[in-house]
Each structure stands twice: as C-alpha cells, then as structure tokens.
Amino acid sequence: MQIQCPSYEDRGDLMALWRSSFMDTQEETEAFFDGVFSPGDALVLRQEGKIVSAVYLLPAECVFSTGNRPVQYLFAAATLPECRGQGCMAALLRAAIDYGTQRGMAGTILLPASPRLSRYYEKNGFSPVYRAREGVWTRERLSQLSCSQRGKTGSFRLPEGSMNWPEDQLSLLYRYQQVFSLRVHRGTAGRFLVETEGEAVHLADFLPESPALFSELLACSPAQRFLFRVPVSWDWAGGEIVPSGMAAGPVAEMITAGSAFLRLPMD
C-alpha cells in the first residue's frame with residue numbers, strides 16, 4: 001500500500017475510478033479533470049502500483065477576524081468497488097489530514113453526502129462543526145427582503161470560521177458547475193449560481209454584497225420559489241437549521257460550533 005500525490009499521467013485511471021464511484025457522465029467527469037484537477041491537490045492510494053482510492057484536496061480558506069487561514073476541502077473521495085471495506089479510504093483520510101498539515105493548511109473540511117458517511121468521517125477524525133440555514137423564499141418574500149435589508153450590508157457577512165474560496169478557485173468551481181446546467185449571474189450587487197429544479201430555482205451559491213441582489217435575482221428568473229442555503233447567523237432569512245459539514249485539524253478547534261458556514265460546498 002502506497003499513498004502519494006498522483007501525476008497528470010494518472011488522469012485516465014483517476015477518471016475510471018471517478019466513473020466507478022459517481023453517477024457523473026463522461027462530459028461531467030472530464031470537466032473536473034480539465035478545469036479543476038491539480039496533482040498537488042490530490043492523494044491516491046496504490047496497491048501493487050494500481051490506484052484503488054483517491055481524494056481531491058481543493059484550496060480554500062477559513063474566515064477569521066484575525067486573518068483568513070488556508071484550509072483544504074476534501075472532495076470526491078472514491079475507492080474501486082472491489083477494494084472497498086479494506087480500510088483504504090480510512091488510511092487515505094488520515095494521510096490527507098497529515099498532508100494538509102505538511103503544506104501549511106489549518107485543517108481539512110468536507111461535506112458528507114449522507115448521515116451514514118457523517119458517522120464514518122467522525123470515526124476518522126472529523127468533527128461536525130458546520131451548520132446552515134435552508135428553506136424556500138417566495139417571490140413575494142424576496143421582494144420584501146430587498147426592502148427590509150436595505151442599508152444592512154453587515155447582514156451578509158460570513159460568520160467566524162466559515163469556509164470561503166479564494167477568487168481564482170471560486171472562478172474554476174463556477175465554470176465546473178456550469179457543466180451541470182447551473183447558471184452564473186453577475187450583477188452590480190454580487191453574483192450567484194443557480195440551478196432550475198422544475199418550477200423552483202436552487203441557489204447553489206448566494207452571497208450578496210447588498211440587498212439589490214434580491215431584486216437582480218427576481219429579474220433574472222420567473223420562478224415562484226427559490227431554495228436557499230445561507231449562514232445560520234442570517235436569522236432574517238428564515239428556514240430550518242441543518243448540519244452542513246465537518247472539519248479536522250486545528251481549525252476544528254478554532255470554530256465556534258453551530259455558527260460557521262460552508263460556502264458552495266462540493267459533495
């Protein structure tokens with residue numbers, strides 16, 4: 001068993017592993033490896049020279065009043081079906097946490113895709129420190145928010161410990177998400193990433209610079225319902241508070257559990 005960073009020559013094997021673990025199409029898989037993948041931001045586990053497990057460690061940052069801290073976001077953890085249940089991923093997760101420390105990261109962050117995976121990650125060093133506020137805004141409610149939040153730019157700050165993306169990484173992720181039919185809107189009051197779900201719009205990323213973004217959202221879509229996910233501290237948004245991510249390493253101790261938020265989490 002050998003754990004190391006992959007190389008660009010491993011791209012074919014990594015894509016095959018990806019397709020064996022996720023339901024992405026060939027086009028969607030290629031979009032990640034063409035636009036986001038970097039060998040230094042990944043780890044693989046090999047058995048007899050063959051890649052059997054992989055994780056991707058995307059550069060991110062945690063927001064603190066004393067200064068942002070670099071972290072890595074663990075994404076697309078996968079093991080070949082015939083090699084599962086052998087401890088490969090557990091070994092790779094431990095190695096990923098150590099690798100983050102070696103390259104100066106304050107921690108490793110992830111979003112489990114299910115409660116079962118949350119329990120698995122907790123057994124392997126991750127703590128459930130992130131939550132989010134989720135719900136649905138009607139068009140009428142969005143119109144009200146554009147008025148009631150006017151002049152309250154502080155209402156849109158990310159809480160202490162929240163994970164954000166450096167601008168260059170965010171741009172890569174926005175381009176990657178567009179292959180899944182998500183649309184990017186850039187306006188005078190910020191930008192947002194949306195996905196149409198029937199008669200509703202899912203706000204995959206929504207971080208206003210001012211309340212005018214609510215009006216811009218209404219203007220760009222005729223939808224009657226808008227599914228949102230925002231920080232818990234934005235109590236004016238309404239909705240329900242739900243678990244929303246885990247962290248390992250020093251940053252997990254620095255975060256006030258329950259208030260920190262994951263921006264544009266990849267799962």
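Me: Rings of Phe, Tyr and Trp (for Trp, the six-membered ring) pair if their centres lie within 6.5 Å; planes under 30 degrees apart count as stacked, over 60 as edge-to-face and the rest as tilted. With that in mind, which residues do ring pairs link into a cluster?

Reply: The cluster consists of Tyr-8, Trp-18, Phe-22, Phe-32, Phe-33, Phe-37, Tyr-56, Phe-75, Tyr-176 and Phe-180. Do keep in mind that this is a predicted model, in which local features need pLDDT of at least 70, side-chain atom pairs count only at pLDDT 80 or more, and totals for chains, interfaces and linings use all residues. Residues are numbered from 1 along each chain as its sequence is written, and side-chain values use heavy atoms, with hydrogens and water left out.

Me: How many aromatic pairs does a search of the whole structure find, and why is the pair of Phe-156 and Trp-234 called edge-to-face?

Reply: The search finds 28 aromatic pairs. The ring centres of Phe-156 and Trp-234 are 5.9 Å apart and the planes stand at 75 degrees, so this pair is edge-to-face.

Me: What makes you say that this pair ties together parts of the chain?

Reply: Phe-156 sits in the loop between helix 5 (139-148) and strand 7 (163-164), and Trp-234 in the loop between strand 11 (225-230) and strand 12 (240-243), so the pair joins parts that are 78 residues apart in sequence. Helices (H or I, at least four residues) and strands (E, at least two) are DSSP runs, numbered from the N terminus.

Me: Are Phe-156 and Trp-234 buried or exposed, and how do you know?

Reply: Buried means under 20% relative accessible area, exposed over 50%, and partly exposed in between (1.4 Å probe, protein chains only). Phe-156 comes to 5%, so it counts as buried; Trp-234, at 1%, is buried too.

Me: Why is the pair of Phe-192 and Phe-206 called tilted?

Reply: Their ring centres are 6.1 Å apart and their planes are at 45 degrees, so the pair is tilted. Phe-192 belongs to strand 9 (residues 190-197) and Phe-206 to strand 10 (residues 200-206), so the pair connects parts 14 residues apart in sequence. Phe-192 is buried at 0% relative accessible area, and Phe-206 is buried at 6%.

Me: What makes Arg-183 partly exposed, and which residues does Arg-183 touch?

Reply: Arg-183, in strand 8 (residues 183-187), has a relative accessible area of 38%, so it is partly exposed. Contact means heavy atoms within 4.5 Å, and Arg-183 touches Phe-192, Leu-193, Val-194, Thr-196 and Cys-220, leaving aside residues up to four places away in sequence.

Me: Which residues of helix 2 are buried, and what do they pack against?

Reply: In helix 2 (residues 26-35), Glu-28, Thr-29, Ala-31, Phe-32 and Phe-33 are buried. These buried residues pack against helix 1 (11-21), strand 3 (50-62), strand 4 (69-79) and helix 6 (167-177).

Me: What is the phi of Ala-76, and what is that of Ser-181?

Reply: Ala-76 has a positive phi of about 55 degrees although it is not a glycine, and Ser-181, also a residue other than glycine, has a positive phi near 70 degrees. Ala-76 lies in strand 4 and is buried at 12% relative accessibility. Ser-181 lies in the loop between helix 6 and strand 8 and is exposed at 57%.
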